[in-house]
Amino acid sequence: MSPGSFFLLLLLLLLLSILGAPGLGDPGPLEDVVIDRYYIPKICLREAQMGDFIRYHYNGTFKDGTKFDSSYDRGATVAGVVGVGRLITGMDRGLQGMCVNERRHLIVPPHLGYGSIGVAGLIPPDATLYFDVVMLDIWNKKDKLQITTLARPLHCNRTVESSDFVRYHYNGTLLDGTPFDSSYSKNSTYDTYVGTGWLIKGMDQGLLGMCAGEKRSIIIPPFLAYGEKGYGSAIPPQASLVFSVLLVDFHNPKDGVSLEHLEVPEPCRRRTASGDFVRYHYNGTLMDGTLFDSSYSRNHTYNTYIGKGYIIPGMDQGLQGVCVGERRRVVVPPHLAYGENGAGNKIPGSAVLIFDVHIIDFHNPEDPVEMETLYRPEGCNLTTRHRDFIRYHYNCSLLDGTKLFSSHDYEKPQEVTLGTDKVIEGLNRGLLDMCAGERRVLIVPPHLGHGESGARGVPGSAVLRFEVELISMEEGVPEGYLFIWHGEPPAGLYEQMDLNKDGEIPAEEFSTFIKTQVAEGKGRLMPSSDPDKVIADMFRNQDRNQDGRITPEELKLKSDEDQEKIHEEL
């Protein structure tokens, strides 16, 4: 009201008092109800109309302020139908057009109240009645459920249907905003089936069509809620209910595992099957996005057999048929996960679990070494065999491409005698039957690699990929031998080896003799990058008493030594 209007109103009141007209506090013989809307809410979604059901509180007084009735004193709101003659006429008129939470002062003249009769012992005849009213609820039998979507996820692949099991949070209030219940205060979702009669009808209907993560406001009229009886002391009879709902997740007892293939590498030469051992990374979340576990946070893959019951059934199924390098989303319903009890304090009961997995590698305990020949020279007649000495280059990586080791990082190729346990068994097998210049790719399962424990820089149970190139090879000698003759050993071996004929063979004479035999093609040393060390080992074996010279009694051929051991055993 502007200052000018307020001033004019004061002048009018003064004029009326001078002329002897009754003031507002003394209405005199009123023709109709006097309505003072002293509080009107900013938002008024609905006004009470004739035939609407309403709930309200009031205080009733006479002109002098004497109270004759109060719903507050009875501790119960008044519920009824407005505009159909069930109330005194003045109240019927005064309540129409009210909004929920609106407050009004009503002055009801006697002919619109209890008239010349009054109410014995309570309201005298011809009494003017003063009511202070607050409207709490308005509804109509023709009302339907009111659903307002407050937030909805961008991606919604599935919505709630009848017979689904839902988990949701809610705040429940009366229409005037009075709270009556909240799942948040219990720090637990409300979990139940939809469409099976476990919920009030309005909530059963209001949850249909929701997505996980969606927020809704659901206004439920009393006949779809608790009706005439109400519920306990928190929900009065004939109360409309307002629920603010957040759907956390849902599933159906008939659901199986749901798979989403996020990334499938090409080509995929092999897919997992029951009995395989899989190494994978994962993020595990609830349906609302809450992270409950992650292998990445531990900086270690999760390693397990599939199809043997070592993991939850849903993951056992969800990891079937994956490729190395594949990224897959596995949605697991609770009956294939941790069920009604959940797990720990991070996975609630009846929770749907979502696993985003990345397959690092997999193998089967029966797997051999896989070999792929990239290049093999033409006319290859000589190939590597057990005990051969070879030089080769290699690159070693995990199946996800992580580089581990490379001979190219060093000045020389790798050198090894095959079959001497100097390299892992899978690599040893992969280097057999190769030609000089040949290139291969080897896939080595962990039981032929570094096993469950791994090695420095190699994770446990890791499948290894080798790119190998054979540079050169030298024919080896049988196990236990450092030197072999190409034919029969010379007659009088000791005398020929004693170059200066002094009756003893020092290291220098021994070395000179052996090198001469090799040079003349009469025998060969065990292949090595250090022949002198091999000869020194031979000399040390023959110098039984380690006095620096070999006597006739000490010199023995390896074949003779082996024969003596046989006789001793016999």
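**Ground rules.** I am working with a predicted model, where local features need pLDDT of at least 70 and side-chain atom pairs count only at pLDDT 80 or more, while totals for chains, interfaces and linings use all residues. Residues are numbered from 1 along each chain as its sequence is written, and side-chain values use heavy atoms, with hydrogens and water left out.

**What I looked for.** A disulfide is a covalent bond between the sulfur atoms of two cysteines. My cut-off is a pair of cysteine sulfur atoms within 2.5 Å. How many disulfides does this rule give? I get four. I then numbered the bonded cysteines of the protein chain in sequence order, and the pairing reads 1-2, 3-4, 5-6, 7-8.

**Cysteine 44 and cysteine 99.** I found these two joined, S to S 1.9 Å. The angle about the S-S bond is -95°, and that link is left-handed. Which parts of the chain does the pair link? Cysteine 44 sits in the loop between strand S1 (34–39) and strand S2 (53–61), and cysteine 99 in the loop between helix H3 (89–95) and strand S5 (103–108). For the element names, helices (H or I, at least four residues) and strands (E, at least two) are DSSP runs, numbered from the N terminus.

Next I checked accessibility. Buried means under 20% relative accessible area, exposed over 50%, and partly exposed in between (1.4 Å probe, protein chains only). Cysteine 44 is partly exposed at 32%, whereas cysteine 99 is buried at 2%.

**Cysteine 156 and cysteine 211.** Here I read S to S 1.8 Å for the disulfide. This link is left-handed too, with -95° about the S-S bond. Buried or partly exposed, for cysteine 156? Its 25% relative accessibility makes cysteine 156 partly exposed, while cysteine 211, at 1%, is buried.

**Cysteine 380 and cysteine 435.** The sulfur atoms of this disulfide are 1.3 Å apart. I noted -95° about the S-S bond, a left-handed link. Cysteine 380 lies in the loop between strand S19 (370–375) and strand S20 (389–398), and cysteine 435 in the loop between helix H7 (425–430) and strand S23 (439–444), so the pair ties together parts 55 residues apart in sequence. I have cysteine 380 down as partly exposed at 23% and cysteine 435 as buried at 2%.
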